[in-house]
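Here is a short briefing to read alongside the model. Keep the sequence and the 3D view open as you go.

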Amino acid sequence: QGYEGLVEGGDNIKQANWLSVSNIIQLGGTVIGSARCKAFTTRAGRLRATRNLVEHGITNLCVIGGDGSLTGADIFRSEWGGLLEELVRDGQISEEVARENCHLNIVGLVGSIDNDFCGTDMTIGTDSALHRIMEVIDAITTTAQSHQRTFVLEVMGRHCGYLALVSGLASGADWLFIPESPPEDGWEDLMCERLGE
């Protein structure tokens, strides 16, 4: 459960093996879970996460996420030494354990279906999101044709229209709205005219 798992500890931290990833290729989303973690935004939460990691001898993290996850990772890395000192001072870990775990290595990977990160061709999650969108479009296209109806499909992307643009191009959509290019005045008439054709 992401940072929530680090803060809560317990069964959230366990060793993965080949069986852990067996038969998951067809599943959507992340099988390890993902959660927004308010506690990790506080020093007290990061202190608990530090204690849980040290208990398991973990000093290497691979953080996959967006701006919040990667910013949190950077803060965690910068505070790591101070957090260890605090745990020693409070008697929760020994100085020897702190020395053994004195350096936190973090690899940050951009995980965002929006594909809105400069310097990468495609962020983690974009490709599978596009595949899901195209599966849905393929499924509803025949229904739209048989009923002679126009269907409206909304895709995720918040402030980024990448998924809408690429899936619209791939499916031959008749009309497309993306946040980067808001519709001009009178778009309703233009759209009705296009659909009427």
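This is a predicted model: local features need pLDDT of at least 70, side-chain atom pairs count only at pLDDT 80 or more; totals for chains, interfaces and linings use all residues.

Residues are numbered from 1 along each chain as its sequence is written, and side-chain values use heavy atoms, with hydrogens and water left out.

**Domains**
- The protein chain is assigned domain 1 (2–110) and domain 2 (126–196), with bounds that come from an automatic or database domain assignment.
- Between the C-alpha centres of domain 1 and domain 2 there are 39 Å.

**Helix α2**
- Helices here are DSSP runs (H or I, at least four residues) and strands are too (E, at least two), numbered from the N terminus.
- The 13 residues of α2 (residues 43–55) should span 18 Å at 1.5 Å a residue, and the end C-alpha atoms agree, being 18 Å apart; the expected span is 1.5 Å times one less than the number of residues.
- Buried residues (under 20% relative accessible area, with exposed over 50% and partly exposed in between; 1.4 Å probe, protein chains only) of α2 include Arg46, Leu47, Leu53 and Val54.
- Their cover includes α1 (2–8), β1 (60–65), α3 (67–89) and α4 (95–100).
- Just after α2 comes Gly57, with a positive phi of about 65°.

**Helix α5 and Leu130**
- Helix α5 (residues 126–147) has 22 residues and reaches 31 Å from first to last C-alpha, close to the expected 32 Å.
- Its buried residues, among them Ala129, Ile133 and Ile137, pack against α6 (162–171).
- Leu130 lies in α5 and counts as buried because its relative accessibility is 10%.
- Beyond its neighbours within four places in sequence, Leu130 is in contact (heavy atoms within 4.5 Å) with Tyr162, Leu163, Val166 and Ser167.
- After α5 comes Gln148, whose phi is positive, near 50°.

**Second largest pocket**
- A pocket is an open set of points on a 1 Å grid over the protein atoms alone, where a 1.4 Å probe fits, with protein on both sides within 12 Å along at least five of seven lines; lining residues have an atom within 4 Å of a point.
- The second largest pocket has 33 lining residues, with Phe151, Val152, Leu153, Ala173 and Trp175 nearest its centre.
- α5, α6 and α7 (187–196) each supply at least two residues of this lining, and the largest share, five residues, comes from α5.
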